[in-house]
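The following note sets out several points on the packing and the charged contacts of the structure shown here.

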Amino acid sequence: MKFYKLTSINLLICATMMACSSMDKVPDVKIDYAPVWEYSVQTQGAINIEKEWWRAFESPQLTQLVEIAQQKNPDVLIASEHVKQAELQMKIADASLFPAFSLNASSGEKRSKVDGSTWSNSGSTTAGVSASYELDLWGGEMANRHAAKSNYKATAFSNEATRLSISAGVATAWFNYLALQERTVTAKKNVEIAERIQKIVDSLYRNGAATAADVAVQKTNLLSQQNALLPLQLQLDQTRAAIALLEGQVPQAYQLARENFGDLKIPQLSAGVPADVIARRPDVASAEAQLQASSANVYAARAALLPGIQLSGNAGKSAAEFFSLSPALQTTGWSLSLAQTIFAGGRVTNQVRVSESRRVELLEQYRKVILTALQEADDALNRVNITQQQESNQQNIVAQSSRSLKLNEDRYREGSVDLQTLLDSQRSFFQAQDSLVQQRLARLKATVDLYKALGGGWQNK
């Protein structure tokens, strides 16, 4: 049987490996996930969302807008630069794996004399190379590399969350724009109805079947319907400008193609189970990576309490003649230095406490992100279901109000109902049509929010 001697180096290696594994471990946030969503029965099967989820709405213009925003949106470009910076910071931290080399050279001349004597000249030229390397006996530099890598992952995940948010913002803005166009069309049709009623009232007035008051009332109604177009046009222009900003374009003279609001397809989504969603959201992954970085920072801060050991070496040549290294004196040497902070006013100790407090903070932040994700998904599921029912009900209301308007218009010609009854029917029909557009818009927005709450098509690979 062969026995292995347990040395201090063996213990150090084991401790370092254990520390490395502990940095990747995320503390338990103690959340009891519900087996099903509260507001949805769609809990069976895994979530399968396409990466370009916006294509499911079958809007070519939306697809084009999202693709442009992914390339030119200022927030997306800023987030991409943050990823580059985090990657460079990771490379800077990785540089601690290698020794530092430096080259130095100097040459000079000095003139001197003793009182009463003549000047004498002396010169020297030196050149050398030195190397230094800090031995990472306690794993502090390893912890710093770990923290940099985790911060890079957190930034990359945050970048994905930004892209998802921008894509959802573009989709919502585009649906708002199309809905406003549809509402404007509805308002113009309502003006046409008011103009038709105006002609009927004028005809009845000329035949003595209507009063001057009826003519004035209908004229007021017509002007009110025409005036209702103005705020819709203002909202349309504001939404177009908002889309231009999302696209990274100037709003002046920015134009959008037309699409039929009613042609938009509203996809049906499977939400899976609550615990599955958490692993599919980039903001949750970012919070988890930040927590891992904080664990590494705590370890690095604790390692700073221990003595630092640095190995250095040098080699060089020097000569007494100016700008000459031959004949020269050659020198080589090495040193091993130990440094231990004895007193720093509590700076190092308090830095450890700051790092530990920061880890507790990020743990709670991680827990909050998870709870928020669960709430957003449940809320989106609820709104998808409710708005679908509301749209269906509103379609029936539009059908009935249209029938009521037609009947009352005929009855008014016959003199069976007064003008106010007819105007009330017209107002109800217009409101029903306008509400139907807004209900469909609310359903589209809820679907976009559900895509966003489920993490879009992102997967942590």
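1. Leaving aside residues up to four places away in sequence, Ile-166 touches Ala-69, Asn-73, Asp-75 and Val-76. Ile-166 is placed in helix α4. Its relative accessible area is 8%, so Ile-166 is buried, the limit for that class being under 20%. Between the C-alpha atoms of Ile-166 and Leu-246, which are 80 residues apart along the chain, the separation is 7.5 Å. The model is a predicted one, and these values are computed from it.

2. The largest nonpolar core has 62 residues, among which Trp-53, Leu-62, Trp-174 and Phe-175 touch the most other members. Two or more residues of this core come from each of α2 (60-72), α4 (140-206), α6 (229-246), α7 (274-278), α8 (282-303), α9 (347-414) and α10 (419-453). Helix α4 gives the largest share, 13 residues.

3. When residues up to four places away in sequence are not counted, Phe-175 touches Phe-57, Leu-62, Phe-261, Leu-264, Leu-441, Leu-444 and Val-448.

4. The aromatic pairs number six. One of them joins Trp-53 and Trp-54 edge-to-face, with 5.6 Å centre to centre and 75 degrees between the planes. Both Trp-53 and Trp-54 are buried. Phe-57 and Tyr-451 also form an edge-to-face pair, at 6.0 Å centre to centre and with 65 degrees between the planes. Because Phe-57 lies in the loop between α1 (8-24) and α2 while Tyr-451 lies in helix α10, this pair ties together parts that are 394 residues apart in sequence. Phe-57 and Tyr-451 are both buried. Through ring pairs, Trp-53, Trp-54, Phe-57, Phe-175 and Tyr-451 are linked into a cluster.

5. Leu-135 belongs to strand β2 (residues 120-135). With 31% relative accessibility, Leu-135 counts as partly exposed.

6. The whole structure holds 18 salt bridges. In one of these, Glu-409 pairs with Arg-196, and the closest N and O atoms are 2.8 Å apart. Glu-409 lies in helix α9 and Arg-196 in helix α4, so the bridge ties together parts that are 213 residues apart in sequence. How do the two partners stand in accessibility? Glu-409 counts as buried at 7% relative accessibility, whereas Arg-196, with a relative accessible area of 35%, is partly exposed.

7. Other salt bridges lie within a single helix. Arg-358 and Glu-361 form one with the closest N and O atoms 2.9 Å apart; both residues lie in helix α9, three residues apart, about one turn of the helix. Arg-358 is partly exposed, with a relative accessible area of 39%, and Glu-361 counts as partly exposed at 45% relative accessibility. Asp-424 and Arg-427 meet through their side chains in a salt bridge of 2.8 Å, N to O. These two are three residues apart in helix α10 and so are separated by about one helical turn. Asp-424, at 35% relative accessibility, counts as partly exposed, and Arg-427 counts as partly exposed at 34%. Finally, salt bridges that share partners join Arg-196, Lys-406, Glu-409, Asp-410 and Arg-413 into one network.

Terms used:
Residues are numbered from 1 along each chain as its sequence is written. This is a predicted model: local features need pLDDT of at least 70, side-chain atom pairs count only at pLDDT 80 or more; totals for chains, interfaces and linings use all residues. Side-chain values use heavy atoms; hydrogens and water are left out. A nonpolar core is a set of buried Ala, Val, Leu, Ile, Met, Phe, Trp, Tyr and Cys residues joined through side-chain atoms within 4.5 Å. Buried means under 20% relative accessible area, exposed over 50%, partly exposed in between (1.4 Å probe, protein chains only). Helices (H or I, at least four residues) and strands (E, at least two) are DSSP runs, numbered from the N terminus. Contact means heavy atoms within 4.5 Å. Rings of Phe, Tyr and Trp (its six-membered ring) pair if their centres lie within 6.5 Å; planes under 30 degrees apart count as stacked, over 60 as edge-to-face and the rest as tilted. A salt bridge is a side-chain nitrogen of Lys or Arg within 4 Å of a carboxyl oxygen of Asp or Glu.
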